[in-house]
Amino acid sequence: MVKGKQKELRLSTVLIYSLLLNTGSSFMWPLTTVYMHNYLHESLTTAGIVLFAMSMFMIIGNYLGGYLFDHWSPYKTAIISVLITMASIVTLIFFHGWPIFGIMLLLYGLGNGSSMTLLNSYASMITSKSTRYVFNSLYVGLNLGVVVGTALVGFLMKYGISVVFIVATGFYIVLLLMTIFEFNIKLHRPVPTAVKRSEDDDVVQQKKNRGLKLIWLICIMVFCIYMSYTLWESVMSVHMTQLGISFENYSFLWTINGLLIVFIQPIINKIGSRFKMSRQIAFGVIIFGLSFFMLIFAKQYAVFVIIMVILTFGEMNGLPGIPAWIDTLADSRQKGKFQGLFNIFMSLGRAVGPLFGGLMVEFFNYPALFIVSGGLILLALFCVMSEARKLSRTQKD
C-alpha cells in the first residue's frame, strides 16, 4: 500500500542506504583478486577478466535500473535488485569454489549496479533539500561505506571466506528491509501535455539539444575521471612497492582518503554552496586532474601522501556535484535514464582503468601514464565547460 503523505525518501534513508550499499560493495572489490589468486589458485589474468565481466554486468544493471525506474515500478525494481544481489551473496556462503565464485559475481554486479542507479534516481526526486545537498550526502555515505567495508573485509578474512559472506548478507538483509518499508512512496511524475506549436519551439528544442549534448560530455568526463582514479587501485600499488614502499603504507592512503571525505566533505559542502555548482565542479576536477602530473615526480612516501590529500581535495569539490548537475539538466520524466547514464560511464571507467594502466606501463612508462591520464581529464573538462557556456548563452537569449 502506497503511503498517503510521503512523496520522497527521507534524507537520512538516502545516507544510510548509500552507506550500507557501498559497505557491501566494498567487501567484494578488494576480496576478489586476493581470494581467486591465493585461495582458488587462479591467475591474476583470470581474476582481472572476472572483475571486468562483473563491471560489465554492473553497467547492464545501471541501464536496467534507470530504464525500469522511468518505465515500470521503481519500488518493485528496487526490491528485485536487492534480492538478486542477496541471492548471489547467500549462494557464496555455501558454494565459493571455481567457477561458481565467478558466476555469482556476475549476478552480484547486475543487482548492485541496478541498486546504485535506483538510489541516485530516488535521490533526484527529493525536493525538500537542494539537489546539491542530497547528492553530497550520497557521496559521504558512499565513501564512509568504502572505509567501513574495506576495513571489515581485511579483519573478517582471517575467520574464513564464509564469515565474510555471512556478514555481507547481513548488510543486504537490512537493505532489503529498508527497501520494503522506505521505498514504497508515491513519486511525483510530471505528465506531458499537448501544446500548440509556437515560434519559440525551435529555440526550446535548441536548448534541449544543447542540454543533452552537455550531459553526454559530462558523462565522457566522468569516464576519464574514473578510468584515471582506478589507477590508484590497480597499478599504483605495484608502482609504489617497486619504489620500496610497503603495501601497508599504500593501503593507508585509502584510509586517509576516506577519512578526509567523511570529516571534511560537510565543510566543503557549506563553503561550496556559496558558489555556482558548475564552477565548483570545474575547480575540483582541475585539482583532481593536476594531481596526476604531480605523480611524475613522486618517489618518497610522504610525497604520495601529499598528492593523495590534494587529489582528495579535488575529489571532494568536483565529484559529488556531477550527478546533481546532470539532474538539473535532465528532463523531469527521464531522471532514471540520465542517472543510469552517469553510473554506466562511471562503471565503464572503472572497468577500463586497470587494463588501460597496464597497457600504458607495458608499452610506455609510468610518467607517460600519468601525463595521459591527467591530460584526458583536463581536456574533457575543457569540452564540458565550453558547452556549458554555450548553453548558458542560449538560455539568456
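**Reading helices and loops**

Modeller: Take helix α9, residues 247-272: at 1.5 Å a residue its 26 residues should span 38 Å, and its end C-alpha atoms are 35 Å apart, which agrees. The expected span is 1.5 Å times one less than the number of residues, and helices are DSSP runs (H or I, at least four residues; strands are E, at least two), numbered from the N terminus. This is a predicted model, where local features need pLDDT of at least 70 and side-chain atom pairs count only at pLDDT 80 or more, while totals for chains, interfaces and linings use all residues. Residues are numbered from 1 along each chain as its sequence is written, and side-chain values use heavy atoms, with hydrogens and water left out.

Biologist: Where does α9 bend?
Modeller: A bend is the angle between axes fitted to the seven residues ending at a residue and the seven starting there. In α9 it is about 50° at Ile264, and Pro266 follows within four residues.

Biologist: Which residues of α9 are buried?
Modeller: Buried means under 20% relative accessible area, exposed over 50%, and partly exposed in between (1.4 Å probe, protein chains only). The buried residues of α9 include Tyr250, Leu253, Ile256 and Ile268.

Biologist: How do I read two packed helices?
Modeller: Two packed helices are described by the angle between their axes and the distance between the axes. Axes are lines fitted to C-alpha atoms, for helices over the stretch in contact, with angles from 0 to 180 degrees between N-to-C directions. Here the axes of α3 (residues 74-94) and α4 (residues 100-124) come within 8 Å and cross at roughly 150°. The two helices are therefore roughly antiparallel (under 35 degrees is roughly parallel, over 145 roughly antiparallel, 65 to 115 roughly perpendicular, the rest oblique).

Biologist: And what should I look for in the loops?
Modeller: Most residues other than glycine have a negative phi, and most peptide bonds are trans. In the loop between α3 and α4 sits Pro99, and the peptide bond from Trp98 to Pro99 is cis, with omega near 10°. His41, in the loop between α1 and α2, has a positive phi of about 60° although it is not a glycine.

Biologist: Is His41 buried or exposed?
Modeller: His41 is exposed, with a relative accessible area of 65%. By contrast, Ser291 in helix α10 (residues 277-294) is buried at 1%.
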